[in-house]
Amino acid sequence: MKKILGLFLIGLFILSACGRPDSGTTTTEDGEAGEETYTLRLAHLVPEEQSSHVAAVAFKEKLESESNGRLIVELYPNGQLYGSDREAIEAVQLGNIEMTIPAVAAMASFNEKFQVFDLPFLFNNNEAAYKALDGELGQDLMADLENNDLKGLVFGENGFRHVSNNEGPIESPEDMEGLKMRTLESPLHTDTFNAFGANASPFAFGELYTALQQGTYDAMDCPISLYYTNKFYEVQDYLTLTGHVYAATALLINNDVYSSLPEDLQEIMTEAAEEFRTEQRALAQQQDGEFLDKLKEEGMQINDLTDEQRNEFREAAKSVYTKYEDQIGQELIDQALAANE
């Protein structure tokens, strides 16, 4: 009996010395006991040299520095954890990871109001897009994400999307007739290219290079930076600067995780996110110019559309507005278009 009691007391001593494994209490870099730390895993699809990841590195450094080590950010670029934006968003919703930077088009699967940003030829230039995204429209939609267990911090930028293919230069919708076209995992994007005459279907970005290489698809669309950083110039011959959709991204965090942070850490995150937005957008525009030159050097044949040619695509896209106006809401569409004024 004494032996059993002795073992019991020893066990109690070990447990009290070790503490609860899920307490979250650690020691800060300053050596002050009792400060809780929070590890944020941030996963995204783009390669390390693309603007979103470069800005994410600065975001990580600011969070860790300004929080005195209480915030720890682990970056997982290049689709290391998830092969599509939709999968990454779901993982953030479920708390399997804490953060991601998806293309806004993928967010429409979770909140259909975001489809407004997928409408073709919605914004005339970057400034109009910023006005809508950073203004009342964008901020209202970000706030609405809390109903989806997500917290939207800021909008970033992938840039305007352009069309590439292996058949020849595209100068009118007729040139897209019958092309096997890969689209984002968004019905609106698929409907847009079908309206142009293509045979369009969605496909995960992480497997797209192989699908193009094997001839599963003839054509695709994405921003200039992704054409270069993902080496799509190796499997696509012709690039047409259609600029048919402005591709925004969003810096997202699990809403419960964000709400659990102390107020001072929330303030640090808000400030760091705003810096991320400014730096990332500036770098994205810089990379567009640099990478376009490199695509030419790699042998891609690049053509731009005249105003007349672009208007042909605008006309073909009107059916998409008609199809989605009830689902999105005419008020949201008008609010977005007003950013061009």
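**Close-up views of a predicted model**

**View 1. Contacts of Phe 123.** Leaving aside residues up to four places away in sequence, Phe 123 touches Phe 117, Ala 128, Ala 129, Ala 132, Phe 160, Tyr 246, Ala 336, Ala 339 and Asn 340. Contact means heavy atoms within 4.5 Å. This is a predicted model: local features need pLDDT of at least 70, side-chain atom pairs count only at pLDDT 80 or more, and totals for chains, interfaces and linings use all residues. Residues are numbered from 1 along each chain as its sequence is written, and side-chain values use heavy atoms, with hydrogens and water left out.

**View 2. The largest nonpolar core.** This core has 41 residues; Phe 114, Val 116, Phe 117, Leu 119 and Phe 123 touch the most other members. A nonpolar core is a set of buried Ala, Val, Leu, Ile, Met, Phe, Trp, Tyr and Cys residues joined through side-chain atoms within 4.5 Å. Buried means under 20% relative accessible area (1.4 Å probe, protein chains only). The largest share of the core, five residues, comes from α5. Helices (H or I, at least four residues) are DSSP runs, numbered from the N terminus.

View 3. Another core lies apart from the largest one. It has 24 residues, including Leu 153, Tyr 258, Leu 265 and Met 269.

**View 4. Helix α2 against helix α11.** Helix α2 (residues 51–66) packs with helix α11 (residues 263–297) at an angle of about 155°, their axes 8 Å apart. Axes are lines fitted to C-alpha atoms over the stretch in contact, and angles run from 0 to 180 degrees between N-to-C directions. The two helices are therefore roughly antiparallel (over 145 degrees). Residues of the contact divide into 13 nonpolar, four polar and five charged. Ala, Val, Leu, Ile, Met, Phe, Trp, Tyr, Cys and Pro count as nonpolar, Asp, Glu, Lys and Arg as charged, and the others, Gly among them, as polar.

Terms used:
Buried means under 20% relative accessible area, exposed over 50%, partly exposed in between (1.4 Å probe, protein chains only). Angles under 35 degrees count as roughly parallel, over 145 as roughly antiparallel, 65 to 115 as roughly perpendicular and the rest as oblique.
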